Amino acid sequence: MTAPAAPLPIPVVRTESGVDLPLPAYATPGAAGLDLLAAVSARVELRPGDRQLIPAGLRIALPAGYEAQVRPRSGLALRHGVTVLNTPGTIDADYRGEVGVILINLGAEPFAVTRGMRIAQLVVAPVTRVAWAPLDVLPESARGSGGFGSTGGR
């Protein structure tokens, strides 16, 4: 068993809307994502079908070669039908604006977003950059060009 890697230092600045909120944190030692909190000044009600950009109250400076993904929280999705609209939302290493979460209510009941509520997860991951290698014909594979359920999934 290998020792866990040292945490990656990420510069962070709280915005005016998030100055009194805790920084995103891992809920458990094995969690992959940090919980993002709603930095709203007043309650935001999402009626069924509504979407809203919710500020997270911070700006980050990711190192080159990394991205941050904004992902839904499974509990909000299961219990309320509330999810992240553009999931996963990508924060590029050169972005310096406030982190925001586009929430959508796909549930049947209104949902209230309140200050400090855990609304999404932030997963930081390395990025692989590609260099295209143009060919006239792709190498063969066992799957070939079958897609959209061709492997037997329903």
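Which residues does T90 touch, not counting residues up to four places away in sequence?

## T90 and its contacts

This is a predicted model. In it, T90 touches E67 and A68, once residues up to four places away in sequence are left out. T90 sits in strand β8. With a relative accessible area of 47%, T90 is partly exposed, because values between 20% and 50% fall in that class.

## The annotated binding site

T90 belongs to a set of positions that UniProt lists under "binding site", in an unreviewed entry.

N86 lies in a loop. That loop runs between β7 (82-84) and β8 (89-91). N86 is partly exposed, and its relative accessible area is 40%.

## The nonpolar core

The largest nonpolar core has 25 residues. Within this core, L103 and V113 have the most contacts. Several strands give two or more residues to it: β4 (44-46), β5 (51-60), β6 (66-71), β7, β9 (98-105), β10 (111-113) and β11 (118-126). β5 gives the most, with four residues.

## Around L103

What does L103 touch, not counting residues up to four places away in sequence? Its partners include L46, I54, V82, V84, V113 and I119. D50, R51, Q52 and T83 are also among the residues that L103 touches.

How values were computed
Residues numbered from 1 in each chain as written. Predicted model: local features only at pLDDT ≥ 70, side-chain atom pairs only at ≥ 80, totals over all residues. Heavy atoms only, no water. UniProt positions renumbered as here; feature names shortened; annotations may be inferred. Buried < 20%, exposed > 50% of the residue type's maximum accessible area, 1.4 Å probe, protein only. Contact = heavy atoms within 4.5 Å. Core = buried A, V, L, I, M, F, W, Y, C linked by side-chain atoms within 4.5 Å.
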